[in-house]
Amino acid sequence: MWWLIPAALAVAAAAAVRWARRLVVATVSGPSMEPAFADGDRVLARPVRPGRVRPGQVVVVLPEYEGVRPRRPARRLLIKRVAAVPGDPVPDGLGPALAGAAGTPVPSDRFVLLGDNPGYSVDSRQEGFFDAARIQGVVVRRLGETAGNNSQ
């Protein structure tokens, strides 16, 4: 029975490594998420099923190029705040892409995502709904500090 302890430790270590490989680290590029996140901030995100994403959470999203998903995962990731999830009403005043959808339910497998700094963000205001498959994870924390966020 002594062998159970090393075996249990090996299983636990393998599970931890597998879980850690799924985490996503992304670097904020530009002012679109200010004041919450500044240019150069690094964030850690954990993968979640689309049904577990909630309004107010910050997500890491794959960009879409001309409506076609790239063959390889993009190195550049977007960081946006969830404004509405499937079934929620589309918020009013979101600009041209969703102007006609205001008040109607967000379609299944789609999300309304916004940058915190509207003047510098390309988001659902211009792009419309984001496909659930593009969401790579929910931000769980900022990694380290940057010059813009020393007070944390």
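**View 1. Ser 121 in the loop between β5 and α2.** Ser 121 is found in the loop that runs between β5 and α2 (124-127), where helices (H or I, at least four residues) and strands (E, at least two) are DSSP runs numbered from the N terminus. The model is predicted, so local features need pLDDT of at least 70 and side-chain atom pairs count only at pLDDT 80 or more, whereas totals for chains, interfaces and linings use all residues. Residues are numbered from 1 along each chain as its sequence is written, and side-chain values use heavy atoms, with hydrogens and water left out. With a relative accessible area of 5%, Ser 121 is buried, a class that means under 20% relative accessible area, against over 50% for exposed and in between for partly exposed (1.4 Å probe, protein chains only). A polar atom of the Ser 121 side chain lies 3.3 Å from the backbone nitrogen of Gly 115. Leaving aside residues up to four places away in sequence, Ser 121 touches Ser 32, Lys 80, Gly 115 and Gln 126, contact being defined as heavy atoms within 4.5 Å.

View 2. Arg 110 has its place in strand β5 (residues 110-114) and, at 31% relative accessibility, counts as partly exposed. Its side chain makes a polar contact of 2.6 Å with the side chain of Asp 131; such a contact is a pair of N or O atoms within 3.5 Å, in which, within protein, one must be able to donate a hydrogen and the other to accept it, and residues adjacent in sequence count only if both atoms are side-chain atoms. Not counting residues up to four places away in sequence, Arg 110 touches Val 85, Pro 86, Phe 129, Phe 130 and Asp 131.

**View 3. Arg 134 in the loop between β6 and β7.** Arg 134 lies in the loop that links β6 and β7 (135-143) and is buried, with a relative accessible area of 7%. Although 24 residues separate Arg 110 and Arg 134 in sequence, their C-alpha atoms are 9.6 Å apart in space. Residues up to four places away in sequence again being left out, Arg 134 touches Val 60, Val 61, Leu 62, Pro 63, Glu 64 and Leu 78.

View 4. Seven strands form an open sheet in the order β1-β2-β7-β3-β4-β5-β6, with antiparallel pairing, two strands being paired if DSSP finds at least two bridges between them. β1 (24-27) and β6 (130-131) stand at the edges with a single partner strand each, so one side of each is left without a neighbour in the sheet. The antiparallel pairing of β1 with strand β2 (residues 42-46) extends over four bridges, and the bridge partner of Val 24 in β2 is Ala 45.

View 5. The largest pocket has a volume of about 380 Å³, a volume being the space filled by probe spheres set on grid points joined across faces, edges and corners. A pocket is an open set of points on a 1 Å grid over the protein atoms alone, where a 1.4 Å probe fits, with protein on both sides within 12 Å along at least five of seven lines, and lining residues have an atom within 4 Å of a point. Of the 20 residues that line the largest pocket, Pro 63, Arg 76, Leu 78, Lys 80 and Val 122 lie nearest its centre. Strand β4 (residues 78-84) gives the largest share of this lining, three residues.
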